[in-house]
Amino acid sequence: MTETLLEIKGLRKSFGALKATDDVNLDVQAGEIHALIGPNGAGKSTLIGQIAGGLKPDEGQIRFLNRDVIPLSVAKRARMGLGRSFQISSLAMEVSALKNVILAVQAREGSSFKFWKQVRSDQGLMDEAMIQLERVGLADSARTVTSELSHGQRRQLEVACALALKPKLLLLDEPMAGLGAGGSQRLTEFLESLKAEVGILLIEHDMDAVFQLADRISVLVYGRVIETGTVDQIRQSAQVREAYLGEEE
Amino acid sequence: ENVKIGMITTLSGGGSSLGIDVRDGFMLAIKQSGRTDIDVMIEDDARKPDVAKQISDKFIQKEKVDILTGIIWSNLAMAVVPPAVRQGVFYISPNAGPSALAGKACHENYFNAAWQNDNLHEAMGGYVSAEGHKKPFILAPNYPAGKDALTGFKRFYTGELAGEVYTKLGQTDYAAEIAQIKASGADSVYFFLPGGMGIAFMKQYSQSGVSTPVFGPAFSFDQGILAAVGDAAVGVKNSSQWSKDIDTPANKAFVESFQKEYGRLPSLYASQGFDSANLIISAVEKAGGAKDADAFRAALKAAEFTSVRGDFKFASNNHPIQDIYVREVVKEGDVLTNKIVAVGLKGHANAYVDQCKM
Amino acid sequence: MTSAFVIEQILNGVQFGVMLFLMAAGLTLVFGVMGLINLAHGSLYMIGAFVCAWVSGWIGSFWIGLVAGLLAAAAVGALMEILVIRRLYQRDHLDQVLATFAMILIFSEGTRWLFGDQPLWLDIPQLLSGAVDLPFGVSYPLYRLAIILVGVALAIGLYMLITKTRLGMQIRAGESDREMIGALGINIATLYTVVFALGAALAGVAGSFVGALQSVQVGMGEPVLILAFVVIVIGGIGSIEGALVASVLVGLVDTLGRVFLPQFFALFMEPSAATSVGSALSSTSIYILMAIVLIWKPKGLFAAHD
Amino acid sequence: MMLALENIETFYGPSQALHGVSLEIGEGEMVALLGRNGMGKTTTVRSICNLSQPKRGTIRFSGTETKGLPAYKVARLGIGLVPEGRRCFPNLSVWENLVATERAGSWTLEKVYDLFPRLKERANQSAQTLSGGEQQMLAVGRALMTNPKLLILDEATEGLAPLIRQEIWSAIRTLKAAGQATLIIDKTLKELLPIADRCVILEKGRDVWTGTPDALSADRDLQDRFLGV
Amino acid sequence: MTDTLNRETIVNISLAFLLLAAPMLALALDEPFYISLATKVAILSLAGVGLNLALGYGGMISFGHAAFFGVGGYVAGISAHHMFEGSDFLGLFAATDQLLLIWPMAIILCGGLAILIGLFSLRTTGVYFIMITLAFAQMIYYLGISIPTYGGEDGLPIYVRNQLPVVSSDDPLTFFLVCYALLMGGIFLSSRIIGSRFGAALQTARMNEVRLATVGIAPFPVKLTGFVLSAMITGLAGALFAELNGFVGPSMLSWHRSGEIMIFVILGGVGRLYGPLAGAALFILLEFFIGGFTDRWQFFLGLILLGVVLFAKGGLMGLIAGRARHD
Ligand SMILES: Nc1ncnc2c1ncn2[C@@H]1O[C@H](COP(=O)(O)OP(=O)(O)OP(=O)(O)O)[C@@H](O)[C@H]1O
Ligand SMILES: Nc1ncnc2c1ncn2[C@@H]1O[C@H](COP(=O)(O)OP(=O)(O)OP(=O)(O)O)[C@@H](O)[C@H]1O
Ligand SMILES: [Mg+2]
Ligand SMILES: [Mg+2]
């Protein structure tokens, strides 16, 4: 039987008159990739923000691992096993790629209030971080300062950091954006292989990837989920074609 | 062997004009004495206590001075004087005279050649009383010197007050206080607001059209500052132990030679610098240098020099016993200056003599 | 305590506030809008006041002095931007702190070198001397009313410049992404020189106006600097209307605190202790105000963006 | 030639990102710049705009050599940039972003609003709070408002929904038909190749292949080697 | 890459050595005064080391560290004052002249104060943080100038010399060595902290708080802890400074002092272990030597500082040891 990782009920969030999230119901099961698609400005990132904790919903429920997480801080939710990547990358720019990942590993492993032991001499931490970098194909750039990474490389690094948390649920906000055609393909395969260990809520405008990966797809338009279904169902839906897909080949 | 004097004074930033006047008066006296056995080293304390302390360490430890002098501000004096005199060095104050150093923390090697901080205020308190004012409004900044000032005033003015206000140190806008003065029905105003605060207050006071007479200590009406206060100051009575028009030969010669040397009229501070130097010179003369501390101390205490302010003696706590005059700001041609109109206190010492156990 | 007294004190508070705005206006532009930490702003204010005092003492007209003060501050500002500040945009904010701190030393000593050690004399112009009668039996110095007018006019002018003109948009854009605005064809370097000079000119004007009320002396810019930063931060960085509101708020709190706090404590304390405690508290009132505002609204009252 | 790069070499501090890139764009031509992540596409764009001045090599735009010119002068020669990562001015509203750097020409506010109605809807919203895709639209609109002779699109369709992407592509086609010269970087070969006149592939800071889209489409091996497809 | 690292290490060792050698040399040349100058450098460097932890590593630009510096100083001063008067503090604590009690007291008090200030201030960021820390420091400053018991603006001279076990704190060289040891201890502690897990979190808080929270570390406690540690080090420096000068006063609490400590850090190189030492040493030596040379010394000091900012990226350490390494 599958376990429900995330369950959202009746979620609402407005910015002034704008309803960015309007009565959203959604769930993600273990071992599932649930894709969230929708036009620009539909409220996808806003939804992710509320799940991860950066934004406070106005109304509704978010349950993660059967626990109401709305009162919890971003950091607490992350420690519970909620990993995320940002649409516009958000990294520690002045340190190396490796250090960004190390921080994630260290946070997962336990307290950061250790003042004496040097990170540099903590081989376990380093090895673990390298493994994550390798998985996303960034091992060569491990020692490069993040601000010197190209755009695409930074996107990969975000994913590595999220993975280093060994999350139960990954929230990925357009991970393919900025990756070249080849990079997207590789990431697609990689996410496919992750499925077994972690549930994924995937936002992506790259339809090739979405159709290839998703077990289920929800379509968000003006803050509302207009449809949820399998790849085929969504492909067929006239409503979705009109609002989002357009005349795909 | 030469007598070595270290002068620590404020020569840069705001407030530097006081230090410069003290220095110039002091050096004028040294020059006039024609002595070649006195070396004076001068350094700028930038009005910072720790810098002053550092310079004093340098003067004492490196230059091995016999005498320190020059400090303008009480808080700097408090940082420098106690440790210096304990190391056996003499300190002659040409300006600051905090009550602690006159009372409990007095020391046999500390001499003040200017005044105890309360002196000028006490004189004004007495004068305002004597002039028959019944309701003065008094104000000063909220810090020890300000509190001492008003306490000093009240020591000799014992009647009713229209109001007593402590302003913020460094405040520059006095509209609110002026309105309070207006509303209080005061028949006179006494203020102690040193430096730019006093200039600002006087300007704004005269602009406000309030006509209640103003009294103050000399600090806000002294030669250096009068030009900046402008005509607003004319007619204001202020208390001082010195004035340019004190009619003694020594003072006449001082005013004339100072003006000749530096091209400006001397200020109160210049006179204090000048007197400090002459005090030292007289003691050096008498004790044959400063190496024999006991002899030198005794010679200082005797104060056998001609002060430009007239009679000068030391009280038992090494602070002056002197006359304090009341002056009035007048215009001589284009120049604003002061004229003595009365004697506020005669042969006055200070309130801390008894607290000093030397 | 009559109502006229209270009204007059409120007026004093507002007036002091607008005066603060006047002093902060240039800094609002340079710091609030361009995002540049210029500690030497107070020095530009001082330079304006000195030149105004000197020229008006020499020629005998406050107004010519005012223009001279404005021009001198603007010129020094432009020079400062070209020679120093321009090299620091790409750097850490803290380098600006160090560089402009160094400029304070240079300007203060330079001014002393040029103008001597004594404070200078500067009086209010004949035209604006005297008092006017207002309702409720309050009579108020004309010059201070004029300052209120100039301050408010400047506030409106700046507000229009910043929010309504293309120039204003470009300045703000330059603050957030200097490289990008250049890549879109705007000569941000020259633009910033001009704006910096404008900010300096405003400082010069403020110095001249306020110098006539206070003492024109070396170091006069320092308290102004802190107050101006306080005002801008309370108002919310980048917001002109915020700076104006904050100025008036600070002016009122400071003035009314000074007047009424000692009286308040006198209700239940003996008089001398009340004066003491009251004035000690009122000395810090604006800092307490700032702390409260920032604890309540961490980005100031009129946060331009969060 | 409108734009000609000859053997340019560009550094970030001590590290060299371009090791000799040459490329040309003629009037009305549309050139696609391709390559895997980190191969130097963006650096090439930055070099053209003089945001990173090349250390060696020459760049001519409309007959002017741009060496040593400040970036704003290069831009005023007629280059409109849609930078990687959008870089809208966050503290400006949508409308302000569009008009702050506008230069006269055929593109006007109305036309941009017609192209992206969403921007009109959000005209007074601060750019910071726009969704990713909306910011992307804004960046494109902002560049168009400068009415450039050469439009540079660095991943301009990143993060855009398929429908909008189709609109942008059709807008690009319209632009091209109107004779707009364009340098374009984009990952969706499917849409890019049909409209590009020429393709240049970068590999480790060098241009390793130049040719027609047809030749590229035909050559799986080439794609595999340099684009990782 | 490794050679810049080595270069910084070499520079660091040289700085530490020079500071240690200066008073020895002074003693050999019979110029004991320079010992107290070196002591001043050591103490103010320590204050800078404290600030650097918050400002350089944690990105918390505190413009109120004088509050801690001064409070540290006042602990020493007040304690000595009561010792001298033979009275108790508020009738509660017996006065002590044992530095080994006074120092921890200063450190703990500053830590407590920093918790209080930090709890409020850390809600803000950037320039707002700069100003709110200034606000708190100003409140304490005005408290300092208006409390008559402890001298108000005039300050409080320390008449009794506080004591250390075994060694004599009265001897300038001994006192220098004590300060030097504490400075080196402070730097070593900083270096451990920075390299630790906590240090990694603290530095990420500077660069990107969102990132820190995203990996599951709450930024607020990290920043608060960093701020408190920083305040404690600066507070200790304040206690030493009071001891050195034999005096405390509100000038130790003033914003000029906060600014000066900040200038040391920036001048030396923000976020460099030995930056505060380099900065404080240069500043104090300049102040001392040009001060003895001309009245207009502040003008020249200004020019020199300006030269350093314009031509040395990353302060003195940037100039002599190259770019900082963060990986
Ligand atoms: N703080 C805010 N204030 C006002 N409006 C906001 C704010 N944040 C987001 N919005 C608006 O809410 C809507 C939803 O934004 P969101 O970022 O969630 O979109 P999205 O679905 O992720 O779009 P995209 O695919 O373009 O990234 C947008 O129209 C955006 O402009
Ligand atoms: N600011 C910088 N400092 C140092 N090196 C940099 C900097 N920016 C980019 N680089 C390096 O230069 C090389 C080229 O980067 P560039 O951004 O041009 O790649 P790109 O082809 O645009 O990649 P992407 O498709 O990921 O955007 C990369 O190896 C990158 O690491
Ligand atoms: Mg989004
Ligand atoms: Mg790129």
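In the predicted model, a polar side-chain atom of A:Gln87 lies 2.8 Å from an oxygen atom of ligand 1. Ligand 1 is surrounded by 21 residues, of which the closest are A:Lys44, A:Ser45, A:Thr46, D:Ser131 and D:Gly133. Because the residues around ligand 1 come from chains A and D, the site is shared between chains.

Chain A itself is divided into two domains, with domain 1 covering 1-81 + 167-248 and domain 2 covering 91-166. The contact between them draws 12 residues from domain 1 of chain A and 11 residues from domain 2 of chain A. The C-alpha centres of the two domains of chain A are 25 Å apart. About 1100 Å² is buried between domain 1 and domain 2 of chain A, with 65% of this area on carbon and sulfur atoms. On the side of domain 1 of chain A, the residues that lose the most area to domain 2 are A:Pro167, A:Leu179 and A:Phe190, which together account for 41% of what that side buries.

Polar interactions between the two domains of chain A comprise one salt bridge and four residue pairs in polar contact, counted where both residues have pLDDT 80 or more. The salt bridge joins A:Glu197 and A:Arg135, with the closest N and O atoms 3.1 Å apart. Strand E7 (169-173) and helix H6 (181-194) of chain A are the elements that give two or more residues to the side of domain 1 that touches domain 2. By class, this side of domain 1 of chain A consists of seven nonpolar, one polar and four charged residues.

Turning to the contacts between chains, the interface of chain B and chain C takes 37 residues from chain B and 37 residues from chain C. The area buried between chain B and chain C is about 2900 Å², and carbon and sulfur atoms give 49% of it. In chain B, the residues losing the most area to chain C are B:Lys168, B:Asp173 and B:Gln207, together 20% of what that side buries. B:Asp173 also takes part in a salt bridge, in which its side chain meets that of C:Arg144 at 2.9 Å, N to O. In total, four salt bridges are counted between chain B and chain C, along with 15 residue pairs in polar contact, both residues being at pLDDT 80 or more.

Five elements of chain B each supply at least two residues of the side that touches chain C: helix H1 (16-33), strand E7 (163-167), helix H7 (175-184), helix H8 (196-207) and helix H9 (223-229). Of these, H7(B) provides the largest share, seven residues. The side of chain B that touches chain C is made up of 14 nonpolar, 14 polar and nine charged residues.

At the interface of chain C and chain E, 41 residues of chain C are in contact with 40 residues of chain E. The two chains bury about 3800 Å² between them, 79% of it on carbon and sulfur atoms. In chain C, the most area is lost to chain E by C:Leu94, C:Leu98 and C:Trp113, together 17% of what that side buries. One salt bridge is found across the interface of chain C and chain E; the side chains of E:Arg296 and C:Glu109 form this pair, with an N to O distance of 3.9 Å. Seven residue pairs in polar contact are counted between chain C and chain E, both residues being at pLDDT 80 or more.

The side of chain C that touches chain E receives two or more residues from each of helix H4 (93-115), helix H9 (221-235), helix H11 (271-283) and helix H12 (285-296) of chain C. H4(C) gives the most to this side, with 14 residues. The residues of the side of chain C that touches chain E divide into 29 nonpolar, five polar and seven charged.

Key: Residues numbered from 1 in each chain as written. Chains lettered and ligands numbered in written order. Predicted model: local features only at pLDDT ≥ 70, side-chain atom pairs only at ≥ 80, totals over all residues. Heavy atoms only, no water. Domains from an automatic or database assignment. Contact = heavy atoms within 4.5 Å. Buried area = accessible area lost by both parts, 1.4 Å probe. Polar contact = N/O pair within 3.5 Å; in protein donor to acceptor, adjacent residues only side chain to side chain. Helix = DSSP H or I, 4+ residues; strand = E, 2+ residues; numbered from the N terminus. Nonpolar A, V, L, I, M, F, W, Y, C, P; charged D, E, K, R; others polar. Near = heavy atom within 4 Å.
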